[in-house]
Each structure stands twice: as C-alpha cells, then as structure tokens.
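Colleague: I have a new model open and would like to learn how to read it. Could you walk me through it?

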Amino acid sequence: MSDLLRTNRGAETAPAVAPVPPRGTRAPTTRNGVDRGPRARLWPVHLVLIFGSLIMVGPFLWEVLTSIKTMAESTQVPPTLLPEVLQWQNYAEVFEQLPFGTMFVNTVLMTIGRTLGQLVFCSLAAYAFARLEFPGRNAIFVAFLAVLMVPPQLFLIPQYQIMAGLGWLNTLQALILPGMFSAFGTFLLRQFFLTLPREMEEAARLDGANPLQIFWHVALPLVRPGLLALTILTVLWSWNDLLWPLVVNTDPLRMPLSAGLASLNGQYDTPFPVLMAGSLMATAPIIVLFLVLQRHFIEGIALTGSKG
Amino acid sequence: MALTNQVTAAAATAPPAAGAGTPRRRRLFAREAFWGYLMILPIAVGLAIFYLYPIVRTLYFSFTEWGAFGGYTWTGLENYRALIGDEAARGALLNTLLYSFLVLLGIPLSIALAALLNVKGLRGVAFYRILYFLPVITMPVAVAIVWRWIYNGDFGILNFLLSKIGISGTSWLTNPDTALISIAVVGIWMTIGYNMVILLAGLQSIPPHYYEAAAIDGAGPFRKFFSITVPLLSPSIFFVTVLTLIQALQVFDLVFAMIMPTNPALPRAQSVVYLFYQEAFVANDRGYAAAIVMALLVVILVITLVQFRLQKRWVHSE
C-alpha cells in the first residue's frame, strides 16, 4: 500500500517512455576526443566499412543471382555473375517441391498466434508484478525468472509429450501454444511499467477504476515502445523458429516455412537455384518488415539483449 | 538466455509493502491481491504447464530408460554414466565448446566495427547498421542454405574467389578438419551486427570529457582506445560475451541445415543440441537425450557463473 501511494521519485525528470539505447546517428557536438579531421580524412573508415558490408550483404546478392539461374549455369566453373537467361520459373518450382502456400499460411498463423498471446498474457502479468501487491508476488516472479536460466531445449521432450498426450501432434495449436507464454516477455514489459510515473494511475484509482481498467486505459498505452519491442522479438523468433516445429509437426502440410525449407534442403536432389528461391521467399517478409521498421527492429533487439 | 537481465531484475524488485493496518486498508489490500492473481493467472498457468513442469520432468526423464514402445523405467544414474563413456557425446561437447570459442572471436571484430562507426563526423552510420544487421534477422535455415552453396567444394563461389588469389580450397563442409570452423564463420557472420549495435550504444555513452582530458595530457589515439574506451566499454563487452556464449552453446539450426546425416564430417561438427535432437526425436532414446540436455544446462550455468566471477577482475564499474 505505502508503496503504491508513494510517488515515483524519478518521475519529474524521466520521460514517460522506457530507456532506449542511443541512436546510431551522431550528435553534432564533439565526441570522443580526436577533434580534427575534415570529412575527407574519413575515406579509410568508409573503405573498411564498405568492405565489411560486402561480406554481410554479398551472400544475399549471391543468393538472388543463383535463384534465377539454371542448375547447369549455377554449377558452372568459373561461375557467371549474371544469369544468361532469367529463370523465374525456379520460384514456381518451389511451389511444386513444397506446399509453400500452406507453409506460408502456417508460418503467418503461428507468428500471429504466439505474438498476440505474448502481448496479452505478458502485459497483464507484467503490470501486476510492477504495480500490484499480493502475497507471494516475489516468489512467483523468481519462479518465472528460473525459466530464463534454462536452455530452451530442456523443455522440448515434456512439451512434446504434452502435445502427443492431447493428440495435438501435427496441428496448428501445437505450433502456437507453448510460444504464447513467455517469462522473458513478462520481465521485459515489467521493466517498462516500472519506469512509468504513478500519478496518472493514482488519479484513475481515486476515480474508482479497478486495476484492470487502470492497466488497460492508463498504463498500457504508455508502454507502447515495450509492446513494439516485444512484438518485433516474438515475430522474429516465431518466424525463424526451427527446432520446435521440427519436433511436433512432421506433416509437410502442418509445417512452417523453416521446417519446410530444412526438409527441402535435406533432399539430395533439390536443385540449388530452387533452394535459393525458396529461402528468399521464406525470408522476404521479415526482411521487408525489417527495412520498414529498421530503427525499431535494431533498438528493440538491442534493448532487450535477446534475439528471442 | 537473458541471464544478465536477471541481475537487473533482482535489483529492480520492489521491496514488499508494509503490512496492512486498518480494516479498510486490509480490504483494499485483499482487493488488490485479487486483481493481482487474476492478471498473472493466464501466464502462470501457461508457464507452469509448458516450462516449469518440463524442467522437473526432464530431470526425472534423465534417470529413466525408454523402451521401443514409449514406456520408461527408472535406471538411476545409468544415463549419466553412459554419457561420460560416450565418445559421440564427448565429441559433441568438444565441438560445441570449440564452436563457441570461435564465435567469440567475432567480438573483437564487432568492437573494431563499432569503434569505426563511432568515428566523429562519419556519415551513413544508419545505413551501415542496416547492412550489418541483415544477417541477424534472417532465418538461420535460409542462411545455412546459402552458405552451403558458397562453401561447396566443386562450384562454390568461395573456392572460386580463393583460386583467384592462388589458394586451392577444399570441400569446406564435408572436410572434417574445416566443417566446424566453416560453420563458426557463419555463426560470427550472424552475430556481428547484433554485437556491434550493443557495443556502439556502449561507446556512445562514454562521456566525451574523458577524451578531452586525455587529449590535454597528450594521449594519442591508441592510448585513448586502451586506457579509456576499452575499460569504459567493458560492461558492454561483458554483456555481449555472456550472451554470445549462451547462444553459441545452444547452436542447432546451422549445424542441422549445413551438415547432412551422411556427411563424413558429422562426428567432428555435431553440436550438443544436435545430438540431443537426434537422440530424443530420431532415435527416440528420450531418457538419454534428457541426460544430454541436463548436462548442457550444467555446462551453460558453470560457464556463465565463471564469467560473472571473472567479471570483477576486468569489467569496469563506476
């Protein structure tokens, strides 16, 4: 109680948003000493960074180029840089080798299901841990944290047993369900709620609102940066997740793209240009999302110290 | 996964409120407790079923032997005894440790890149950041497929480029001497952008007056780098080291998608989690697989604890 009535000390100075690491863009003021050097002197730095960029982006470019070559051309030595004739049918071929459309839908549904689940369940619990007093709160929170200490592979066998017991192997809910609950997401959002000033919640309380109403109308809108960060992390993790789908859904029609690609990759006779086309189509949505939201992506992932 | 976060979590946990006094306050407190339990209920149930119970269950399974039809019997420490004598398991552990060590070599590279991006007046930082971050967000299976192609011994682009400078390559992923290193290079490629972003944020938080003072004392750029930048960046370096190691010790996707079951380099490249997956879901030897993953838990905890211990020696704290 007293804890609730006390005003947040830092509230006067801290803005109502959670801390975000500084942007990559530079402030115009002096920084880090070396106070000389017109722009012209920076070309060696650019040279190194561009060389590094080539190594980072090169494999993607090579993937694109290979995906539109014939198998024969792609295995030519010395290799051609640009394809002689564009082989767009490699992309169509992916749909013949895999139920790509179905896998795409599975991936989207898995991603949406897990993300919505985490946003709802984690934010509710995070608010309770940050703001409400109840017996056993800290003990329960510590139990949540224990989940974070454990490598996630440790959960796999019992999770699989549960799904098998329910008769849910090769179902959509098997892909989604365990990923809807996240100790990490709860912890992350709790940190955001803790930075909020309490005054507005106090005002709502005096107006007779119950904690759920305060959470929904007052607190939740203020932690949007946290919700966005959690969304990005969960989307990324779900989209790229391999091990769990591999374990529970062995039916190609129930697989997400990651497992589908892995199975195509495991077939000895899959032509490499087709594999490249499939990989590109499977990763394109995330890359586009990244390019659209790039600053949020980078900061969200950096801020949370986790790739999911 | 987020061990470092837990430290802050423990520190941030609010002190328990003073006991309730008057009846009215007690009633309010009870009402608040009701809402508190209600709000944590969904996730508490979910975590209990899918995460907490499995921890206990896996520990139990690690003391059992699984029959061909799914039944299991208690065998005590048998799995662990077998694990110690198992050459494949020992190999997988050594491979994983070597892989993790190799991936750590990407951290100095990330520091150098972050330092370059932090050079005063440099343009295009946001652009570089995007390019270096691209491998971080890409599906590991897709990454593995592209690199399999690049590494191909007969017509891979890598060997073609190497031949241009007079080096004759090998079949990188099927040669037992190079397979693990080749996978680790991809591991570095995938983590460099992430570590760079964290380290860049760390660099930008170093107050400029340190450098100004050093400049007045006549310190050169190298002196500044090693006497100011490195010590003040050490908390960030520690953070990315802990995280990179925890993730590298769990490597699976890259190995799974780059090393086929018939690959002659498999024994020298398979990771602990790869072996776990094979035992648990291909060979259906779940008791033994549970022992493998328990051993991995111990390895990760020990390595992380050692790092936290050593931290006091080299990580600078205000």
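**Reading the model step by step**

Modeller: Gladly! This is a predicted model, and we can begin with domains. Chain B is divided into domain 1 (22-61) and domain 2 (87-314).

Colleague: How many Å separate the centres of domain 1 of chain B and domain 2 of chain B?

Modeller: Taken over C-alpha atoms, the two centres lie 38 Å apart.

Colleague: And confidence? What is the mean pLDDT of chain B?

Modeller: Chain B has a mean pLDDT of 89, with 92% of its residues at 70 or more. Do look at residues 1-20 of chain B, though: the pLDDT there is below 50, and the stretch has 37 contacts in the model beyond near neighbours in sequence. For the model as a whole, ipTM is 0.87 and pTM is 0.87.

Colleague: How should I read the contact between the chains?

Modeller: In general, the size of an interface is often given as the accessible area lost when the parts come together. Here we can count residues instead: 99 from chain A and 105 from chain B take part. On the side of chain A that touches chain B, helix α2 (residues 43-67) of chain A gives the most, twelve residues. That side of chain A comprises 65 nonpolar, 26 polar and eight charged residues.

Colleague: Which residues have the most contacts inside the largest nonpolar core?

Modeller: They are A:Ala125, B:Ile183, B:Val255 and B:Ile292, in a core of 171 residues. Helix α9 (residues 179-204) of chain B supplies the largest share of this core, 16 residues.

Technical notes
Residues numbered from 1 in each chain as written. Chains lettered and ligands numbered in written order. Predicted model: local features only at pLDDT ≥ 70, side-chain atom pairs only at ≥ 80, totals over all residues. Domains from an automatic or database assignment. Contact = placed C-beta atoms within 7 Å. Helix = DSSP H or I, 4+ residues; strand = E, 2+ residues; numbered from the N terminus. Nonpolar A, V, L, I, M, F, W, Y, C, P; charged D, E, K, R; others polar. pLDDT = per-residue confidence, 0-100. Core = buried A, V, L, I, M, F, W, Y, C linked by C-beta atoms within 7 Å. Buried ≥ 20, exposed ≤ 12 C-beta atoms within 10 Å, placed from the backbone.
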